[in-house]
Amino acid sequence: MSDSLTIGGQPDDLINLRDAARLAGEVHPTTVRRWIGKSMLRAYRRGPSRVLYVSQAEVVSLMQPIQSGGAA
């Protein structure tokens, strides 16, 4: 997960769920919410709003292909 944190413990590359869904290959924002629910991504809130944000670096990391090379 991302190591670049700003004051307050939040990554400095936060994006909203709609942008995260596009970055992940045009998935639906609900899919990103599911990933958050399954602890595949960490979610953050900025200020008093209820809007969720995720780290762009975490989304990119999640989309990396699995290394092959053995029996499953």
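What is the mean pLDDT of the protein chain, and what share of its residues reach 70 or more? The mean is 86, and 83% of the residues get to 70 or more; pLDDT is the predictor's confidence in each residue, from 0 to 100. This is a predicted model, so local features need pLDDT of at least 70, side-chain atom pairs count only at pLDDT 80 or more, and totals for chains, interfaces and linings use all residues. Residues are numbered from 1 along each chain as its sequence is written, and side-chain values use heavy atoms, with hydrogens and water left out. Where pLDDT is low, the predicted coordinates should not be read in detail.

On to the overall layout. The protein chain has three helices and three strands, in the order β-α-α-β-β-α along the sequence. Helices (H or I, at least four residues) and strands (E, at least two) are DSSP runs, numbered from the N terminus. Of the 72 residues, 28% are buried. Here, buried means under 20% relative accessible area, exposed means over 50%, and partly exposed lies in between (1.4 Å probe, protein chains only).

Next comes the inside. The largest nonpolar core has 12 residues, including Ile15, Leu17, Trp35, Leu41 and Val59. Helix H1 (17–23), helix H2 (29–37) and strand S3 (52–55) each give two or more residues to this core. A nonpolar core is a set of buried Ala, Val, Leu, Ile, Met, Phe, Trp, Tyr and Cys residues joined through side-chain atoms within 4.5 Å. Leaving aside neighbours within four places in sequence, Val59 is in contact (heavy atoms within 4.5 Å) with Ala20, Leu23, Ala24, Leu41 and Val54.

After H2 comes Ser39, with a positive phi near 60°.

Finally, there is Glu58, found in helix H3 (residues 56–62). Glu58 counts as buried because its relative accessibility is 4%. The side chain of Glu58 reaches the backbone nitrogen of Arg42 at 3.2 Å.

Technical notes: A polar contact is a pair of N or O atoms within 3.5 Å; within protein, one must be able to donate a hydrogen and the other to accept it, and residues adjacent in sequence count only if both atoms are side-chain atoms.
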